[in-house]
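Thanks for passing this one along.

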Amino acid sequence: MKLHEFAGASSPQRVRFYLAEKGLDIPSEPVDLPSGEHRGPEFRAKNPMGRVPVLELNDGRCVSETLAIMEYLEELFPEPALIGETPWERAQTRSLDRVVELEILVRVMRVFQNTNPAFAARIRQSAEAAEVARANLTEPLTVLDRMAQTGPFLAGHRVTIADCTMLAAANLAERAGVVLLDGHPNLARWYQGFSARHGG
Ligand SMILES: N[C@@H](CCC(=O)N[C@@H](CS)C(=O)NCC(=O)O)C(=O)O
């Protein structure tokens, strides 16, 4: 297997944090996003949406979408369980991960893409879209901070894919100038612990 990715991009980072937690070593196949390699026919044959990450299996079949990649690997390598040991734990993890991805990460991405000069030639940037996304982060962050009070992980005593998603969001937030942790003491404490686990 190999992972098509671009160093520093947040979605591949989610998978990298996941792989590190699992102790899995999957080689990297760099995709040059700035040059548009991911929009060419060769890469689109692997993922028609032209996005990274893509997990390519040894027989050439490809899995796209970060969550699908993690779920696929979780089925192949169940230990340690990063989604959960029981149906209840798995439901709780999936719920939490969806919140982190859709309420936090996607909004941070929106701010980044609408403000970073590197995207000026790739999308129609909108300062207003960035501002709306930034404003809409306040409520979910407040709720998530409350949910993170037990710790040390977002789901309490279990490390899960939600931690991987949130760390990718927190790293991108820093680059996007989005304040994610200030005023959210439980998330700040979580970040200290989990980023240190991943060499941050
Ligand atoms: N829903 C996809 C999103 C993947 C995604 O947005 N990847 C970004 C890098 S973080 C990408 O490939 N961007 C290239 C582009 O939009 O041109 C997933 O979760 O895998």
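1. A polar side-chain atom of Glu65 lies 2.8 Å from a nitrogen atom of the ligand, a polar contact in the sense of an N or O pair within 3.5 Å. Taken by itself, the ligand exposes 510 Å², and the protein buries 84% of that (Shrake-Rupley areas, 1.4 Å probe).

2. Before going on, a word on the basis: this is a predicted model, where local features need pLDDT of at least 70, side-chain atom pairs count only at pLDDT 80 or more, and totals for chains, interfaces and linings use all residues. Residues are numbered from 1 along each chain as its sequence is written, and side-chain values use heavy atoms, with hydrogens and water left out.

3. Val52 takes part through its backbone, with a polar atom 2.8 Å from a ligand nitrogen.

4. The shell around the ligand (a heavy atom within 4 Å) includes Ser10, Ser11, Arg39, Arg51, Thr66, Met109 and Arg122. By class, the shell residues divide into four nonpolar, four polar and four charged.

5. What about disulfides, counted as cysteine sulfur pairs within 2.5 Å? A search of the whole structure finds zero. Cys164 is buried at 0% relative accessibility, whereas Cys62 is partly exposed at 28% (buried is under 20%, exposed over 50%, partly exposed in between; 1.4 Å probe, protein chains only).

Conventions:
Polar contact = N/O pair within 3.5 Å; in protein donor to acceptor, adjacent residues only side chain to side chain. Nonpolar A, V, L, I, M, F, W, Y, C, P; charged D, E, K, R; others polar. Disulfide = S-S within 2.5 Å.
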